Amino acid sequence: MYKIANEQLPSLFAAIAGRMDLYMPLRKNGQVNYGIWSREEETALDALNTVKSPKDFFFPQSENLYTCYREGKKISITPEELADAPFAIFGIRGCDVKGIEVLDKVFLADPVDKFYEARRNHGVLISMACHEPEETCFCKVFGVEAQNPAGDVTTWMVDGTLYWRANTEKGGKLTEELAADGLLAGADQTGEAAVEAEQSSVAAIVEKLPYSNISLETFKNTEMLELFNSPKWEELYKACLACGTCTFICPTCQCYDIRDYNTGNGIQRFRCWDSCMYSDFTLMAHGNIRNSQKERFRQRFMHKLVYFPENNDGMFSCVGCGRCVSKCPSSLNIVKVIKSLGVSEDV
Ligand code: SF4
Ligand code: SF4
């Protein structure tokens, strides 16, 4: 394990930014979102959730796929270039790292999404353990350790010192370079003990959070059709405004639409995020497969809690980040669904 004093962080960031683009949570106009680091920016490493999750780095909100150009009878097709420059994301929380693992299951499964794969191959995830998780967090339910997040590198901020542990070859390479530059120093036993104490303290906070121990057993042990046909959906969906906020801020939602933009002498084919909460989602020539908001609402949660785990060795497609808990304008969220359909004595 390595360490660096808090005051030296700008030098560490400058050293990383000298090698590759460096992104981290930045505070702008009262909101915290990922942005490219520079000495002039206000970093927000104390913030837990960014408004938008880091999924944009690998699955951007909108991206071109290819361009068709027509000249007379001749048509040329130029695919969009794949990402080929390394970049680092500093300060990702454990839930969002897990969110990227969920996206990997979708985009890296056969047939592999080359755009996503290229970005994943070039991105270095430098996670940061949470210090004081919020009441809306329930990552523990999905097996995330807020006190010990995954990633290529894991960091902890303890009493004015940043501790740094490389987890993968990619993380190890960057670590070696930064240590060789004299920016990271080896942490002694006292430092290791400080991190262990921090981990225990955070785990104790997580344990006491209101949603930390909600049970998912119902979703593991109940027949899919029984959950699908539950009369509880009838009440649950009613407050939903179909605004799509929950899907756009969610680190694991991965639905997209593909469209063509008429350039005048051809088309530009692009894809952009879509939401299963929208009435025209998956609209086809013959009509829609989900005609009511109840069906659309049910689809979102059945996918996260039943269909996705069924197809991915039990992995749920929610990571308990709590964004939908704090952002839904109708105070609807996945916790309400789990509580309503789940085992009530655990909540
Ligand atoms: S954020 Fe709330 S109101 Fe908006 S679509 Fe999601 S559940 Fe419905
Ligand atoms: S469903 Fe809600 S809590 Fe779960 S990962 Fe998405 S935004 Fe976070």
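Is Glu-177 buried, exposed or partly exposed? Partly exposed, at 27% relative accessibility. Keep in mind that this is a predicted model. Here are my notes, point by point.

1. Glu-177 pairs up with Arg-19 in a salt bridge, with N and O 2.7 Å apart. Arg-19 sits in helix 1 (residues 9-19) and Glu-177 in helix 4, so this pair ties together parts that are 158 residues apart in sequence.

2. Asp-181 lies in the loop between helix 4 and strand 10 (185-186), so here the parts tied together are 162 residues apart in sequence. Asp-181 counts as partly exposed, at 45% relative accessibility.

3. **Asp-46 and Arg-27.** Another salt bridge joins the side chains of Asp-46 and Arg-27, at 3.4 Å from N to O. Asp-46 is in the loop between strand 3 (31-36) and strand 4, while Arg-27 is in strand 2 (residues 21-28), and the two are 19 residues apart. Asp-46 is exposed, with a relative accessible area of 59%, whereas Arg-27 is partly exposed at 27%. Back at the Arg-19 cluster, salt bridges that share partners join Arg-19, Lys-173, Glu-177 and Asp-181 into one network. The structure holds 19 salt bridges.

4. On the domain 1 side, Lys-55, Phe-138 and Phe-142 are the ones to look at: they supply 18% of the area that domain 1 buries against domain 2, more than any other three residues.

5. **Polar links across the interface.** There are 3 salt bridges between domain 1 and domain 2. Take a look at Glu-63 and Arg-271, whose side chains meet in a salt bridge at 2.8 Å, N to O. The domains also share 17 residue pairs in polar contact.

6. **Helix 3.** The buried residues of helix 3 (residues 114-122) are Phe-115, Tyr-116, Ala-118, Arg-119 and Arg-120. Their cover includes strand 4, strand 6 (87-92), helix 2, strand 7 (123-128), helix 4 (169-180) and strand 12 (266-273). At the start of helix 3, a side-chain oxygen of Asp-113 reaches to within 3.1 Å of the backbone nitrogen of Phe-115.

7. **Asn-333.** You'll find Asn-333 in the loop between helix 11 (323-327) and helix 12 (334-341). Asn-333 counts as buried because its relative accessibility is 7%, and the cut-off for that is under 20%. The Asn-333 side chain reaches the backbone nitrogen of Lys-336 at 3.1 Å. Leaving out residues up to four places away in sequence, Asn-333 touches Phe-301, Cys-324 and Val-325.

Notes
Residues numbered from 1 in each chain as written. Chains lettered and ligands numbered in written order. Predicted model: local features only at pLDDT ≥ 70, side-chain atom pairs only at ≥ 80, totals over all residues. Heavy atoms only, no water. Buried area = accessible area lost by both parts, 1.4 Å probe. Salt bridge = Lys/Arg side-chain N within 4 Å of Asp/Glu carboxyl O. Polar contact = N/O pair within 3.5 Å; in protein donor to acceptor, adjacent residues only side chain to side chain. Helix = DSSP H or I, 4+ residues; strand = E, 2+ residues; numbered from the N terminus. Buried < 20%, exposed > 50% of the residue type's maximum accessible area, 1.4 Å probe, protein only. Contact = heavy atoms within 4.5 Å.
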